[in-house]
Amino acid sequence: MLLLIIAFFAGILTILAPCVLPVLPVIIGGSISGGKKDKYRPYVIGASLAISIIFFTLILKFSTYLIGLSPSVLGWLSGGLLVLLGIVALWPELWEKFVIWLNWQAASQRFLGKGEQNKDQYIGPILIGVALGPVFASCSPTYAFILASVLPISFLAGLIYLIAYSLGLAAALLLISIGGKRIINKYSWAVDTHSLFRRSLGLLFIIIGVAIISGYQIRAETWVANHLPFDESRIERVLLAKQQKSHLINKLSNSVARASVLNVQSTAAPELQGLTNWINSPPLSLQQLHGKVVLVDFWTFSCINCIRSIPFVESWYQNYKDAGLVIIGVNTPEFAFEHDPANVAAAVKQDGITYPVTLDNNYQTWNAFQNNSWPADYLIDKSGNIRYVSLGEGDYDKTEQAIQVLLGVNKSLKTAAYSVPITSSQTPETYFGTNRAMNYTGSPTLGGGTFDFQAANSLASNNWTLGGGWSISPEYITSNDANATLHFNVTAKNVYVVAGTTNNQPAQVGVGLPTAQAGQYGSDVSNGKVNISGSRLYHIVSLNQVGSTTVTLTVPKNVSLYTFTFGS
């Protein structure tokens, strides 16, 4: 419920975002009609904008045909529509002839239920809403959270939050457009479609459209952001952090409660659903495994938390498979490259996994178990009931103890005491794509498209910056230069990066550290370079102790970076 309120409130706050303020004149200008009797244009713009946000979000998130779509395509679509509307405003007689020729006027009137009594045109405001949907959607941390963290897990919940966000945004824009329309409509020269004022609005539409297409809109956003006396997104980030913290506390408390006592009220385990590309085993089902103790382990191969848990899971399999334990590793992807069966098979081989592994690319089993964590272990008894759950790292001794109880085995535990390598001051996992990017500083601001970046002169703790040419995508960033750079001020002992190449060719990324920490590299670095030979997790820094440092990556063209993650 809290996230629903945050989503609606975030939609309202989005009108104050730096990427929205420069295009507000389009909203107000589009609300002005050729006649004073037309009072519905602001509503049409708001409704079409909300529908546009929902439509583009869903089609880009779930259409397999559009997975590789360049971020610039939406810029061309939005900017192109605005340029078209600007041309229409400059030469309205062309639009009138075009509408008459296509008979759009009658269709739009019937759709809006106004019949032949209303002669105003609605195609223009509808196109404005459609054009600005993708622009407005990219401006909110809450929207990014819904897109990246809610929709992949629960379509229904994500859709509800997305609608709440869109309604909040539409309501705020409605108030602005109605207010602006009432002021401007007081002047006859403002409502005349052939007036200099209306033609000037057309020119403004064209300028903004070209700015969106060319990427100069990002520079305008940077200027606005640097001159605003407030940061509207900070309110969203604070609320989201509280919501996620509250959810995490509840989740961990629930996990501890279930982990401490095995004989809780049992829950029938859902059947495995939508699993493909089985490795180390033919396809399995819980029905055919009735009478066995089954451990369903949710993981993904580039997740450092999952990688650290694999030796424990493999140990349980080796020690208890002959006693009746079956382990199923369900690879549920976080990034697009984790959908590839070949990548998963390579990771299984590299990590020495011998238990059955399968792909859950459509999140069907993940959703059936109502899971929300990587890694996560669900222990199912011989009757098919879930009797124990462990979310995240740790509690390995308790998990082994639960396995023994369900198997009826009584012997010394093989799992040694384990402390999760995380400290309170450690830098949180940080994503680089626009879906979940945070703590970026530099010029221009981070947005979808291809830009030349100017690295910040100094970095606060946990902040990062880019230098040189980069293409920014929802999930990752890709170097466009031979020596593009990324600087990150981190606090940790071990630093990992998820990286790959867009052309499937190996590449070398330089790893730099301050003089005082020179040479303290991770296991994947040799002579100050890490060989990127596939899309996976790479260990790049291993300090002597937990501390602060600035990691500098020198990234050649076609190398993509997804996330930094850390351990002590």
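This is a predicted model: local features need pLDDT of at least 70, side-chain atom pairs count only at pLDDT 80 or more; totals for chains, interfaces and linings use all residues.
Residues are numbered from 1 along each chain as its sequence is written, and side-chain values use heavy atoms, with hydrogens and water left out.

Helices (H or I, at least four residues) and strands (E, at least two) are DSSP runs, numbered from the N terminus, and two strands pair if DSSP finds at least two bridges between them. On that basis, 7 strands make up an open sheet with mixed pairing, in the order β1-β7-β6-β3-β4-β5-β2. Its edge strands, each pairing on one side only, are β1 (267-268) and β2 (276-279). Strand β1 runs antiparallel to β7 (residues 385-391) and is joined to β7 by 2 bridges, and Ala268 stands opposite Asn385 in β7. Helix α14 packs on this sheet, where it touches β3, β4 and β6 (376-380), contact meaning heavy atoms within 4.5 Å. The direction of α14 makes about 155 degrees with that of β4, such angles running from 0 to 180 degrees between N-to-C directions, with axes fitted to C-alpha atoms and, for helices, over the stretch in contact.

Between β3 (293-299) and α14 (304-320) lies the loop that holds Thr300. Is Thr300 buried or exposed? Thr300 has a relative accessible area of 0%, so this residue is buried; buried means under 20% relative accessible area, exposed over 50%, and partly exposed in between, with a 1.4 Å probe and protein chains only. Leaving aside residues up to four places away in sequence, Thr300 touches several others, among them Cys306, Asn331, Glu338 and Trp374. Thr300 and Glu338 are 38 residues apart along the chain, yet their C-alpha atoms are separated by 7.3 Å. Their side chains are joined by a polar contact of 3.0 Å, a term for a pair of N or O atoms within 3.5 Å in which, within protein, one must be able to donate a hydrogen and the other to accept it, and residues adjacent in sequence count only if both atoms are side-chain atoms.

Aromatic rings form another theme. Rings of Phe, Tyr and Trp (its six-membered ring) pair if their centres lie within 6.5 Å, and planes under 30 degrees apart count as stacked, over 60 as edge-to-face and the rest as tilted. The whole structure contains 23 such aromatic pairs. One of them, between Phe335 and Tyr562, is tilted, with 5.0 Å centre to centre and 55 degrees between the planes. This pair links distant parts of the chain, 227 residues apart, and both Phe335 and Tyr562 are buried. Phe432 and Phe564 have ring centres 5.5 Å apart and planes at 70 degrees, so their pair is edge-to-face. Both of these residues, Phe432 and Phe564, are buried, and ring pairs link them into a cluster whose members include Tyr440, Trp464 and Phe488.

Most residues other than glycine have a negative phi, and most peptide bonds are trans. Tyr363, although not a glycine, has a positive phi of about 60 degrees.
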